[in-house]
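Okay, thanks for coming, everyone.

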Amino acid sequence: MRVETRVQVKRSFLRLSLTQREAIAFYLFISPWLLGFLLFTLGPMIAAFLLSFTFYDVISPPRWVWFENYRIMFTTDPLFWQALKVTFIYVFGSVPLHLGAALFVALLMNQPLPGIYFFRTVYYLPSIIGGVPVALLWLWIYNPSFGIANWLLSLVGIKGPQWLFDEFWIIPALIIMGLWGIGGAMLVFLAALQGIPRHLYEAAQLDGAGVLAQFRHVTLPMLSPVIFFNLVMGIIHSFQVFTNVFIMTQGGPANASLVYVLHLYRNAFSYFKMGYAAALAWFLFLVILVITLLIIKSSPAWVYYEGMRGGRQT
Amino acid sequence: MIGTLAHEFWRRKSVQNLFLRALSFTFIVAGSIFIAIPVAWMISTSLKTLGETFLFPPRWIPHEIRWDNYPRALTFIDYGHYLNNTLIITISAMIGQILSASLVAFGFARLRAPGRDFLFVVLLATLMLPYHVTLVPTYLLFRALGWLNTYLPLIVPSWLGGGAFFIFLLRQFFATLPLELDDAARIDGASLFDIYWRIMLPLSKPALATVAIFSFFAHWNDFLGPLIYLSRERMYTLSLGLAFYVTTHGQVEWNLLMAATLVTLLPPLILFFTFQRAFVQGIALTGLKG
């Protein structure tokens, strides 16, 4: 009896120490990320929030000014509204077009066609080369006098616009060049399309559904989680457009392409208004957060998760 | 009569399918031309004389093919230095990212601890965090550390977790490996680190290759980081060097610039074609696109 209790005690102690040891090991294994998260994510986020209530020019110590930065932002900085407007037009122009095109190409590719692997690679290639090379290439393509954009238009008898030098055409030009990089989203859609079980289509066909009805009632619902994901990430991503604009237009002509992050960058690193830049950053963060939350809130109405059907097998 | 025959013919499923496929194929080819034209134009420009780049309508096959644009492209900007700097940053960051992301992913995939699921949600949430929120304080932090004009701000964060995306990708992969492997190893007296280092890592080569390639691309193409932290010209990366050539020179030598850009694209392209399969699998595994 005594022996038994002792064994039990020992065993439960051992078990406890094992779980504890496992927990300690867990925190050791994730410690690089935890440290990085505190130093480069959470810490800076809080710091940016506090900084947004100060004037700080890097040389003299920060001065607490309460909501002065936000007041300047909303009332006396006309470029803030311009940057916000330009960025919204860009985001709501490019994201639907980008996703629509990627989905369309993925649907086309999801068929037994000759050379499909070759074409898949071709479509994906521009996504790898991103960054500065793409910006330089399109800068040359959009050259109003010698670029191929206007040469192609001249073939069909259109005199092309000045593209990057035209206040109206600059944003459409950026959106069109973004279409060049649909390969990443296309691959994700393609993988999801290939995961849709055949039997759903067979059942729909038995019910007499045509191609369009199958798309509407099988493909779209089954793809909706991936569409949802690509939509959220696409919006977050395109709100932060920077490199292309910085290299191709520097925000011009007449601030017609002054995107938000470029405005932020200039305030921080050209004018050294760190406090103001932090306020700009936090405001954009809130805008993105609200839009993301709205999409997430709307998702039960249009996103279909197969795992949540309630266990009935079809 | 012919009308009804044609109608009958059209109503056959196989004919409709064939028509739909032919139509799809036409669209796909048209789209790939839209994608290929800029690349062809870049190659064509890179082989022209400067005079010929300023012809309209453009001549696709240059009058005289200037192969020597390529050696010249490596000297009209300080290409050697930029390449060297880019390689140092890219490779050091990539190694850090592979090691630290896999270490953290192992923790999330295999070990139980209070707070684990919460931390994993936090990790996933950082995937959606816009980078610009942390930009200014991070810059001030590195400035206070005296790390401006060093490569440390571009490398050290990669050694600390290496980005939520890679951790997530590797955790998903580790989760597909059978737990019996760990148990067997533990019975043989292996420590957790042994299990990570000698069992999980060797079995995860395809996933690690995906991380390596994504990480290589990310650092090779990075622009904002070098732009903010590197102001001494000899420390520029390729992205920064090419960008500043365009934004500071009034007269751009497009033929040389396109040649230099093409050379810059070679390493990522070679990597992509070598590891294409692992890469596409990695994308399908996570449903993310980097």
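Predicted model: local features only at pLDDT ≥ 70, side-chain atom pairs only at ≥ 80, totals over all residues.

Let me start with how the axes work: each one is a line fitted to C-alpha atoms, for helices over the stretch in contact, and angles run from 0 to 180 degrees between N-to-C directions. Helices here are DSSP runs of H or I with at least four residues, strands are E runs of at least two, and both are numbered from the N terminus. Bookkeeping next: residues count from 1 along each chain as its sequence is written, while chains are lettered from A and ligands numbered from 1 in the order in which they are written.

A contact, by the way, means C-beta atoms, placed from the backbone, within 7 Å.

Now the interface. 75 residues of chain B are in contact with 74 residues of chain A. On the chain B side, helix 2 gives the largest share, 14 residues. That side splits into 52 nonpolar, 19 polar and four charged residues. For those classes, Ala, Val, Leu, Ile, Met, Phe, Trp, Tyr, Cys and Pro are nonpolar, Asp, Glu, Lys and Arg are charged, and the others, Gly among them, are polar.

Here's a helix pair across the two chains. Helix 14 of chain A (residues 274–302) packs on helix 7 of chain B (residues 135–144) at about 140 degrees, with the axes 8 Å apart. So the two, helix 14 of chain A and helix 7 of chain B, are oblique to each other; the cut-offs are under 35 degrees for roughly parallel, over 145 for roughly antiparallel, 65 to 115 for roughly perpendicular, and the rest oblique. A:Met274, A:Ala277, A:Ala278 and A:Ala281 meet B:Leu135, B:Val136 and B:Leu140.

On to domains, whose bounds come from an automatic or database domain assignment. Chain B has domain 1 (2–70) and domain 2 (77–286), with their C-alpha centres 35 Å apart. Ten residues of domain 1 of chain B touch nine of domain 2 of chain B. Chain A divides into domain 1 (2–51) and domain 2 (69–308), and there the centres lie 40 Å apart.

Last, some backbone details. A cis peptide bond joins A:Gly252 and A:Pro253, omega about -10 degrees, and another joins B:Phe56 and B:Pro57, omega about -5 degrees. A:Val58 isn't a glycine, yet its phi is positive, near 80 degrees. A:Val58 sits in the loop between strand 1 (54–55) and strand 2 (63–64) of chain A, and it counts as partly exposed because it has 13 C-beta neighbours inside 10 Å. The scale: 20 or more other C-beta atoms, placed from the backbone, within 10 Å is buried, 12 or fewer is exposed, and in between is partly exposed.

Notes: Contact = placed C-beta atoms within 7 Å.
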